[in-house]
Amino acid sequence: MAKASIQAVAKEAGVSVSTVSRTFAKPNLVLPKTRDRVLAAARKLDFQVSRSAAALKSGQSFRIALLHADTIAVWFNANVFRGLNSVFGPAGYDISVYGLSNARERHDFFTELPVRRNVDAVIVCSFDIDPDEVSRLKDVNVPLIGINTPSTIGLDGAVCIDDKLGMHTAFEHLISLGHRNIAYVYGAPDDTSQLRFSAENRLQGLIDAAAAHPDVTLEQIRCSGHEDTTGAALAQLTTMSPTPTAVCFQTDEMAIPVLYRLPQYGLRVPRDLSVIGFDDIPFSVKMGLTTLRQRPNDLGAIAARKALAAMEEPLSEPRFETVAPQLMLRDTTAIAA
């Protein structure tokens, strides 16, 4: 069966051939209703735009670079990717994923990219950038957009969850329940990576909140990436003096294993210990975990739209957006005994 032509798509959608071409090459210049009609016609006719021809004509690669640490399979990164693809896919862009584990790999990427010129925009997820390393991107008109970056310096745009506000909200909730001895469990990045991560701002949010309550004790439990995080957290929580009546965790993934094992130490949640996580991963609902919800899928979609806008017309001013996390009250927090 012969592939549908661009003329056939134009006829099906009731638009001109140039409008179909613009829909795939520069979707921001097409009205949303018209764009949707063209894309529906393309799907119906199984039309595939010639990526190589479009790239030669426009000078674009139709490829986006997503930089992340850890692995793309973790909950946050996977949902960021889904959000990005929900916008970039219909606009005709592929996403190339680059896992960077340390500052050296980050430096190499930004040193080589202006030479290769094989992407139209770069998305940085959760870690910091070096403004000096990315300055050459301006010369080749490659926008740099951040998602949950600890700093926005050097970026053309960013969308970030307000980590400090989230932990401030969690802290004030525990204070309202009468808790005065509170612990915070967090993971320390590998010292060799030399990367800063947005989640590190959560500790500062708690410290700032605690400063307004001199009658409250805030203890920090720092877990190295080289150790058993769950075991280390439990060992300190169960031997700490005074014993905390509430504990906040940097992530739900750190909180849930501890929550599961606390009964082995004779601690009942929330009667003996209130627990709050951060992220609201799907398993948190099943565990009844009180947590702070962020929506990485939405963050990815917002970042993708910022990137498309920046590719279409260089931004005179960076476009930054902050999203407040939502406190999800469930079964693991209660009035202090």
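**Close-up 1. Buried residues of helix 1 in the predicted model.** Within helix 1, which spans residues 6–13, the residues V9, A10 and A13 are buried. These residues lie on the same side of helix 1, because the arc that they cover around the axis is only 100°. An α-helix has 3.6 residues a turn, so residues three or four places apart point the same way. After helix 1 comes G14, which has a positive phi, near 75°.

**Close-up 2. The aromatic pair of F62 and Y93.** Six aromatic pairs are found in a search of the whole structure. In the pair of F62 and Y93, the ring centres are 5.4 Å apart and the planes stand at 40°, so this pair is tilted. F62 belongs to the loop between helix 4 (51–58) and strand 1 (63–68), while Y93 belongs to the loop between helix 5 (75–88) and strand 2 (94–99); the pair therefore ties together parts that are 31 residues apart in sequence. F62 and Y93 are both buried. Through ring pairs, F62, F88 and Y93 are linked into a cluster.

**Close-up 3. The stacked pair of Y184 and Y186.** The two rings form an aromatic pair with 5.5 Å from centre to centre and 15° between the planes. Y184 counts as buried because its relative accessibility is 0%. Y186 has a relative accessible area of 12% and is therefore buried, the cut-off for a buried residue being under 20%.

**Close-up 4. R202 and the ring of F278.** R202 is placed over the face of F278, and its distance from the ring centre is 3.7 Å.

Terms used. Residues numbered from 1 in each chain as written. Predicted model: local features only at pLDDT ≥ 70, side-chain atom pairs only at ≥ 80, totals over all residues. Heavy atoms only, no water. Phe/Tyr/Trp six-rings, centres within 6.5 Å; stacked < 30°, edge-to-face > 60°. Helix = DSSP H or I, 4+ residues; strand = E, 2+ residues; numbered from the N terminus. Buried < 20%, exposed > 50% of the residue type's maximum accessible area, 1.4 Å probe, protein only. Lys NZ or Arg CZ within 6 Å of the ring centre and 35° of its normal. Arc of directions from axis to C-beta.
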